[in-house]
Amino acid sequence: MKHPLRGLRRQGILRETNRKRSKNKSSMVKRTAFIHVFFSLRVKLITSFLVPIICIIFLGIVSFQKASTGIRGNYETAALQMIHMTSEYMNFGLESVDDASVEYSSDKNIKKYLYDQYTDTFDKISAVSIIENQLIAKSATNDFIKDIYLISDSAEAVASRSLGSSMRNEGVYNEFMATKHGEFVLNNIMKSNWFSEDTYLDEKLEVTQDSYILRLIRKMQSKSLVIIDIKADTVKDILTNVKFDESGILGFVTGDGREITTSKKNDLIFGDKEFFTNALGSTVAEDSDYVKYNGAQYLFLYSKIGDTGSMVCALIPKATITSQADEIKEITIVTVLIACIIAFIICYAISSGIDKTIRNTIKKLKQAASGDLTVEFDSKRKDEFKILIDEIHNTFINMKNLIQSVHQISGEVSVSTTEVNDTSFSFLKTTEEISNAIKEIEQGIMQQANEAEECLTHMDNLSKKITLVSDNTKEIRQIVDNTKVSINEGTYCTQYLNQQTKSTTEITTDIINAIETLAQKSQTITNITNVINEIANQTNLLSLNASIEAARAGEFGRGFSVVANEIRSLSEKSHESVNDIKKIIDSIQIDTRIAVEIAKKAESVLNLQEDAVDNTTTSYRNLNDNVEKLMVYLNHISENVYDIDESRVSTMEAIENISAVMEEIAASTNTVNDTASTQLNSVEALHQSAGTLHENANELLSAVQKFTV
């Protein structure tokens, strides 16, 4: 009896299994749908349309970057050039002021007055008047000059304007020199010293700092000063007249931070900023860089003005520089967005039409796949899909006609396969009987082939013996040929040796003749030495006579006596040398006689050697004649062996032909047997195929009946 809980547990397991299968099937369907959508034609079309859009976006980004870089570079270059020109103009004006100070420092009248060299009061007053007029004229004609002051410790100050009573005090010069600026000027005599402010002189000259922006002080050789104030209004007018960007700030800044700017605010723009301090300490005369000012990015530009320590500075908002590039950026973004929208609309319209056509076609194909071939394919499109659907429609029409034909023929095929099955069974029996008969014929032929092979073996042994005799004959003939060659070589060698012996004999004869000639010449040398010996004796006698005459001459013949002694000494040495030569010649003659005797003995030996060589040559010739006779007999033996070998070859070929024919017959029998076996297997396979064909015909008939045409 089954337990009831076990049945409930099994049912629960089955329900859980079915639920999991249903869930897996659902997830698989969703996954398939997602893959279908992801790889759908619509997604591909949209992707293909997005590719050029992405390229356009990339082109816009690159164009914006290029335009921004170009615009910013051109703007920076133009702004820096404008700052440079402004700096050059101000430098030109300040140099004219410096030239004026140099002019006054070298003016004779001014130097004469300041050095207090006028003795006449009237001349002094006249000189002061002339100097004041010069200063007033210069300040009136030079826009940069506000006022000019000439100060000395020995004369009253002279200026381009009226001075207060405090400047009449002659102690102003010494008091100024005690200040910080005075010490600096004292260390730079006859040089331009620029200051942006001077509290002591402002008080004495009764001027305010707002009235001037720079002050030039030049010390002359004596205790005198030339002081020129630069108009602040002139600098401000120059900055105002420069066509500078309204959003930017242009300024003139001194080395200690005083500035005149185009800003409407009174705040310090440049003087207290780090970027200004860095520019002031830089060795570069002009440059530009982006800095942060009031929380925003600005382009800072500067250009130094000569040796004054001042600079023309400017600040331009970065937003102003890139405004044109921002316009290009906005136009590019709008153009890209419009292009994306238009491309998406076109792509959606095209993909929707294609998707609708494909869905309709797939629906009808599924209907046809289920067996309903009465479905018709049509489309209102006029593009390639129209051609595709028409071809699908024609394909299904042809398929319907084919299935109708197959339906009609399948019945006839079923009947024919039954007849083929019966015929193949009869053919199988007949083929088995033929195969048995062929096997009996094959056994008889194999026995004849074995007997022919045994005969061929005996003939092969005989052939080997005949071949051995022929090979031995050939080896003997080869030995004889080698012997004949050796005899010819020996004959040639003996002949060559005979020739060399004759040459040696001739050379020996020549040597004997040369030695005899040498002996004759040695005798001639002996005669020459006798003559020399006689000359030496006569010289000795002459020396003796000279000595006697020198002794008779006494003191006057002493030099002649020395010559006689030298001649005697030379005669004795010649006599000794001649004796030595005579001994050597005697020795040479003895050696020459011995050499002649030895050469004659060698000539006798060579004559005997020549006779021995002639005998050897005769022996080689006799041996050669005997070898030639042996060659004649060997040729006869070789011809007989060759005839036997030809008979052997003919017999072997005949036996080999018989054996080959038997082997071919056996092989043909094997081939026929194999063919019969193959045919038997084929007939059996045919019989099986006929049965299978009959079954397939019935299945085809059943399958065709499922289609509705």
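Hi everyone, let's start at the surface, where Glu-88, Glu-95, Asp-99, Glu-103 and Asp-307 come together as a patch of negative charge. Please keep in mind that we are looking at a predicted model.

You will find Glu-88 in helix H2, which covers residues 41-106. Its relative accessibility is 40%, so Glu-88 counts as partly exposed.

Now for a residue in a strand. Is Arg-218 buried or exposed? Arg-218 belongs to strand S4, residues 212-219, and because its relative accessibility is 6%, under the 20% cut-off, Arg-218 counts as buried. Which side chain does Arg-218 join through a polar contact? The partner is Ser-192, and the contact between the two side chains is 2.7 Å.

Next, a word about backbone angles. Most residues other than glycine have a negative phi.

In the loop between helix H3 (108-114) and helix H4 (121-141) sits Asp-116. Asp-116 is not a glycine, yet its phi is positive, near 60°. With a relative accessible area of 39%, Asp-116 is partly exposed.

The other loop runs between strand S8 (286-293) and strand S9 (296-305), and Asn-294 lies there. Asn-294 also has a positive phi, about 55°, without being a glycine. How accessible is Asn-294? Its relative accessibility is 64%, which is over the 50% cut-off, so Asn-294 counts as exposed.

Notes
Residues are numbered from 1 along each chain as its sequence is written. This is a predicted model: local features need pLDDT of at least 70, side-chain atom pairs count only at pLDDT 80 or more; totals for chains, interfaces and linings use all residues. Side-chain values use heavy atoms; hydrogens and water are left out. Patches are made of residues with over 30% relative accessible area and no salt bridge: like charges are joined within 9 Å, nonpolar side chains (Val, Leu, Ile, Met, Phe, Trp, Tyr) within 5 Å. Accessible areas come from the Shrake-Rupley method with a 1.4 Å probe; for residues, only the protein chains shown count as cover. A salt bridge is a side-chain nitrogen of Lys or Arg within 4 Å of a carboxyl oxygen of Asp or Glu. Lys and Arg count as positive and Asp and Glu as negative; His and the chain ends are not counted. The place of a charge is taken as NZ of Lys, CZ of Arg, CG of Asp or CD of Glu. Helices (H or I, at least four residues) and strands (E, at least two) are DSSP runs, numbered from the N terminus. Buried means under 20% relative accessible area, exposed over 50%, partly exposed in between (1.4 Å probe, protein chains only). A polar contact is a pair of N or O atoms within 3.5 Å; within protein, one must be able to donate a hydrogen and the other to accept it, and residues adjacent in sequence count only if both atoms are side-chain atoms.
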